[in-house]
Amino acid sequence: MYKKLALILIILFSLFGCGQPTVSGQLQKVGLLVPETIDDKVLGIRGYEGLLKIQSELGVDVFYKEGMNEESEVRAAIDEFHQNEVNLIFGYGSEYGSFFNSMSEDYPDIHFVLFNQNVTGDNVTSLNFESHAMGFFGGMVAGEMTKTKKVGVLAAFEWQPEIDGFFEGAYFQNENVHVEISYVQDWNDTSVALPLLNEMIDSGVDIVYVAGDGYNVSAIDRLKEEGLFAIGFAIDQSDLGKGTVLTSTVQHVDTLYEVVAKAYNKGELKSGELNFDFEDGVITMGQFSPLVDESFQVKLEKYIKEYKKSGILPNQM
């Protein structure tokens with residue numbers, strides 16, 4: 001399904017009486033590809049919000065296509081974008097690495113952007129969240145709040161840097177803590193994630209860092225049923241229950257999309273891999289549950305502030 005969002009912008013500006021900003025640089029129009037839909041609670045909505053932010057801040061037409069999983073579908077979508085004068089395309093999913101690397105030479109006037117992948121070509125950029133630190137600070141919260149001294153990570157893949165970060169942070173805060181780690185081997189597979197979560201619950205884990213995408217909501221709901229706790233991932237998931245979600249480690253994709261679009265418009269967007277962390281304003285902690293003691297929150301914020309200045313985590317001091 002092919003969507004054009006220009007009408008939304010026109011309505012908003014007519015309601016609020018604001019003049020539409022104009023782009024005078026290289027940026028023409030922006031496209032987004034998502035593997036599922038823009039309505040899913042983590043992956044799709046993050047990309048969509050980023051697209052809307054570009055539209056609002058830069059005043060350009062933006063487009064998106066959903067269900068983009070196959071190479072032939074992706075190529076057809078890029079062809080459509082190209083015909084509509086789109087020259088900046090975001091792919092929000094791990095599958096777009098191979099697609100963009102292989103297709104970028106065929107579209108030299110389009111710049112392709114994706115996340116956490118190895119990329120090739122002068123017109124392909126990978127945006128990499130430095131997520132070790134956010135995992136560390138999430139782990140500190142778990143280490144502080146656990147009653148059973150058993151916490152868990154329900155991760156998608158072994159390579160996620162936030163996993164080691166969480167382990168280190170939990171142990172830094174509580175030397176007696178035990179961390180269980182399970183891997184779903186997929187960002188979204190609830191049918192695999194929930195049995196793994198149940199095993200953690202049966203073992204006495206009382207706080208779980210739900211470090212995935214599509215299975216996050218179901219996993220947090222399961223923890224809520226048991227009166228247990230979660231550390232949210234990627235977006236602020238406090239809306240799933242402030243009595244369940246102690247905090248979240250948040251990657252502000254919408255802000256990063258805007259940063260990238262502005263850089264491209266100025267002719268300053270580099271190809272290759274670009275890294276972003278707390279100091280760039282695109283990673284933060286989410287809202288804290290009222291259950292988390294305010295004195296600990298102050299302590300954690302102090303550590304984060306020091307990390308933003310020095311790049312040194314508390315366990316490295």
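Reply: Alanine 234 is buried, because its relative accessible area is 0% and the cut-off is under 20%. This is a predicted model, so read what follows as computed from that model. Alanine 234 sits in strand β10, which covers residues 229-234. Its phi is near 80°, a positive value in a residue other than glycine. Glutamate 85, though, is in the loop between α3 (71-83) and β4 (88-91).

From there, let's go to the nonpolar interior. As a general point, nonpolar side chains in soluble globular proteins tend to be buried together. In this model the largest nonpolar core has 85 residues, and Phe137 and Leu154 touch the most other members. Helix α5 supplies the largest share of that core, with 8 residues. Ignoring neighbours within four places in sequence, Phe137 is in contact with Phe278, Met285, Leu300, Tyr303, Ile304, Tyr307, Leu313 and Pro314. Another core lies apart from this one, with 19 residues that include Phe63, Phe99, Phe100 and Ile110.

Now for α5 and its partners. Helix α10 covers residues 294-310, and its axis comes within 11 Å of the α5 axis, crossing at roughly 160°. The cut-off for roughly antiparallel is over 145 degrees, so α5 and α10 fall into that class. The crossing of α5 past α10 is right-handed. On the α5 side, the contact uses Ala133, Phe137, Met140, Val141 and Glu144, while α10 brings Phe296, Leu300, Tyr303, Ile304 and Tyr307. Sort those residues by class and you get 9 nonpolar, no polar and 1 charged. Phe137 turns up here too, and its contacts with Leu300, Tyr303, Ile304 and Tyr307 involve residues that α10 brings to the contact.

The other partner to look at is α6. Helix α5 (residues 132-145) packs against α6 (residues 161-173) at an angle of about 35°, with their axes 6 Å apart. That crossing is right-handed as well. The α5 residues involved are His132, Met134, Gly135, Phe136, Gly138, Gly139, Met140, Ala142, Gly143 and Glu144. Facing them in α6 are Pro161, Glu162, Asp164, Gly165, Phe166, Glu168, Gly169, Ala170, Phe172 and Gln173.

Ser131 is in the loop between β6 (124-129) and α5. Ser131 is buried, with a relative accessible area of 4%. Not counting residues up to four places away in sequence, Ser131 touches Pro161, Glu162 and Gln251. Pro161 and Glu162 are among the α6 residues that meet α5.

Glutamate 36 is in the loop between β2 (30-33) and α2 (43-58). Glutamate 36 has 43% relative accessibility and counts as partly exposed. Leaving out neighbours within four places in sequence, glutamate 36 is in contact with Glu66 and Gly67. For a sense of scale, its C-alpha is 28 Å from that of lysine 270, which is 234 residues away along the chain.

Methods: Residues numbered from 1 in each chain as written. Predicted model: local features only at pLDDT ≥ 70, side-chain atom pairs only at ≥ 80, totals over all residues. Heavy atoms only, no water. Axes fitted to C-alpha atoms, helices over the stretch in contact; angles between N-to-C directions. Helix = DSSP H or I, 4+ residues; strand = E, 2+ residues; numbered from the N terminus. Left-handed = near helix turned anticlockwise from the far one by under 90°. Contact = heavy atoms within 4.5 Å. Core = buried A, V, L, I, M, F, W, Y, C linked by side-chain atoms within 4.5 Å. Buried < 20%, exposed > 50% of the residue type's maximum accessible area, 1.4 Å probe, protein only. Parallel < 35°, antiparallel > 145°, perpendicular 65-115°, else oblique. Nonpolar A, V, L, I, M, F, W, Y, C, P; charged D, E, K, R; others polar.
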